[in-house]
Amino acid sequence: MTVQQQSIERSWQVIDALDFSRIKAKLLHGKSAHWSPESLVDAEAGYRSFLKLAAKYPDAPVVPSEQVDAFWHAHIVDTRRYASDCERIFGHVLHHDPYVGIDGPQDEARLRALAEASARLSVREFGSRPTTAAYCAVTSERKPTLVAECLAN
């Protein structure tokens, strides 16, 4: 196993060990809660997969589903915990780009292309495709890798 593979494996183990019980309790709490225990199970699993893709493909944009994006927001709001979790997984905070796809038809098309590339990575890694893409993404501050390069690895 290469050093890179070991690093990815360690990151995925950290992701699997994250405790989201407080986040889920918060999402289920109150009159405005639109979550069910079942939908939270799906969102949590999708979020873990999303984090794993971001860890394995750091130069590829990763687009979450709307459900996963809502769970991600709940994690981000717990700022100390989110920063600490990201540091342990990625070595830095994973930034949320909330504007992908909102700047007209060309940007919408770009979001759809990024979402399709993310979906292909998800199928490759986990055998499942995310549902409707959110209008956001993880985007690298470095030059993004071509999706074909990610799929070739």
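Mentor: Helices here are DSSP runs (H or I, at least four residues), and strands are runs of E of at least two, numbered from the N terminus. Arg110, for one, is found in helix H6. This is a predicted model, where local features need pLDDT of at least 70, side-chain atom pairs count only at pLDDT 80 or more, and totals for chains, interfaces and linings use all residues. Residues are numbered from 1 along each chain as its sequence is written, and side-chain values use heavy atoms, with hydrogens and water left out.

Trainee: Why does Arg110 count as partly exposed?
Mentor: Buried means under 20% relative accessible area, exposed means over 50%, and partly exposed is in between (1.4 Å probe, protein chains only). Arg110 has 39% relative accessibility, so partly exposed is the label.

Trainee: And what makes Ile102 partly exposed?
Mentor: Its relative accessibility is 47%, so Ile102 gets that label too. You'll find Ile102 in the loop between helix H5 (79-90) and helix H6 (105-126).

Trainee: What makes a set of residues a nonpolar core?
Mentor: They must be buried Ala, Val, Leu, Ile, Met, Phe, Trp, Tyr or Cys, joined through side-chain atoms within 4.5 Å. The largest such core here has 32 residues, and Phe50 and Trp72 are among those with the most contacts inside it. H3 gives the largest share of this core, 8 residues.

Trainee: Which residues does Phe50 touch?
Mentor: Contact means heavy atoms within 4.5 Å. Leaving out residues up to four places away in sequence, Phe50 touches Val62, Val63, Pro64, Val68, Trp72, Leu94 and Val138.
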